[in-house]
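Reader: I have a structure open and I would like to learn how to read it. Could you take me through some features, giving the general idea before each case?

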Amino acid sequence: GRDGTARSLTNDLSDYRNVMLTADSNSFVATQTQTLTNIWIAPKGDSAHPAQVTSGFGRYFDLNWAPNGMIVYASDASGSADIYETAVNGSNVRQLTSNIKRNYAPQVSPDDRFIVFHSNRSGVFQIWRMDRDGSNPVQLTFGNSESHWPQFSGDGKFIIYQHFEPGVTSTLWRV
């Protein structure tokens with residue numbers, strides 16, 4: 001605003017670059033960029049014959065193999081950054097989070113009971129845990145700065161994650 005406050009001009013998952021204002025600052029033009037991806041699987045040692053798992057528009061990222069053989073991933077294909085799972089043949093797609101800010105980096109526990117991830121649903125990116133079916137989300141970190149990229153320890157008792165403090169290189173923490 002004219003009083004120096006900031007406000008969002010876009011409300012989607014696209015990237016915007018090369019913003020140019022008109023002389024009177026009443027209008028602007030920008031280049032909108034969207035990246036479209038899909039998940040593919042190839043048999044070990046046979047990368048010449050991949051099979052496409054997902055189809056459609058959107059981005060698929062932060063892939064994780066679950067102990068039960070499902071693929072757990074983050075995607076903004078629905079228009080919101082949420083966590084999903086699918087069978088390796090693309091069937092049984094299930095959305096595990098739903099329009100609660102941005103949810104990334106799902107990791108399934110070794111016993112296949114929980115998923116940890118980072119989300120900004122509480123304001124700042126923090127580490128969260130939910131039951132394997134997406135129910136019972138629990139916030140695990142509560143800092144004023146961001147925590148990302150959770151990983152279960154091999155025995156499933158701890159979660160190691162990356163934590164950021166202003167002016168400090170990222171550090172690893174355990175919860």
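Reader: Let's start with Asp 76: which side chain does the side chain of Asp 76 make a polar contact with?

Author: The general idea is that a polar contact is a pair of N or O atoms within 3.5 Å; within protein, one must be able to donate a hydrogen and the other to accept it, and residues adjacent in sequence count only if both atoms are side-chain atoms. Here, the side chain of Asp 76 has such a contact with the side chain of Arg 59, at 2.7 Å. Keep in mind that this is a predicted model, where local features need pLDDT of at least 70 and side-chain atom pairs count only at pLDDT 80 or more, while totals for chains, interfaces and linings use all residues. Residues are numbered from 1 along each chain as its sequence is written, and side-chain values use heavy atoms, with hydrogens and water left out.

Reader: Where does Asp 76 lie? And is Asp 76 buried or exposed?

Author: For the first part, you need the strands: helices (H or I, at least four residues) and strands (E, at least two) are DSSP runs, numbered from the N terminus. Asp 76 is in the loop that runs between strand 6 (71–75) and strand 7 (82–86). For the second part, buried means under 20% relative accessible area, exposed over 50%, and partly exposed in between (1.4 Å probe, protein chains only). With a relative accessible area of 9%, Asp 76 is buried, and Arg 59 is buried as well.

Reader: What is a salt bridge, and how many salt bridges does the count come to?

Author: Side chains of opposite charge can pair when their charged atoms come close. The rule asks for a side-chain nitrogen of Lys or Arg within 4 Å of a carboxyl oxygen of Asp or Glu. The count comes to five salt bridges. Asp 76 and Arg 59 form one of them, with their closest N and O atoms 2.7 Å apart. Arg 59 lies in the loop between strand 4 (51–52) and strand 5, and Asp 76 in the loop between strand 6 and strand 7, so the pair ties together parts that are 17 residues apart in sequence.

Reader: Which residues are linked in a network of salt bridges?

Author: The network links Glu 85, Arg 94, Asp 112 and Arg 132. Within it, Arg 132 and Glu 85 meet through their side chains (2.7 Å, N to O). That pair joins distant parts of the chain, with Arg 132 in the loop between strand 11 and strand 12 and Glu 85 in strand 7, 47 residues apart. Glu 85 is buried, at a relative accessible area of 6%, and Arg 132 is buried at 9%. Arg 132 also forms a salt bridge with Asp 112, where the closest N and O atoms are 2.9 Å apart. Asp 112 sits in the loop between strand 9 and strand 10 (114–119), 20 residues from Arg 132.

Reader: Which strands form a hairpin?

Author: Strand 13 and strand 14 do, with six residues between them, and Gly 156 in the turn has a positive phi of about 80 degrees. These strands, residues 147–152 and 159–165, pair in the antiparallel sense over four bridges. Within the pairing, Gln 151 stands opposite Ile 160 in strand 14.

Note on methods:
Pairing = 2+ DSSP bridges.
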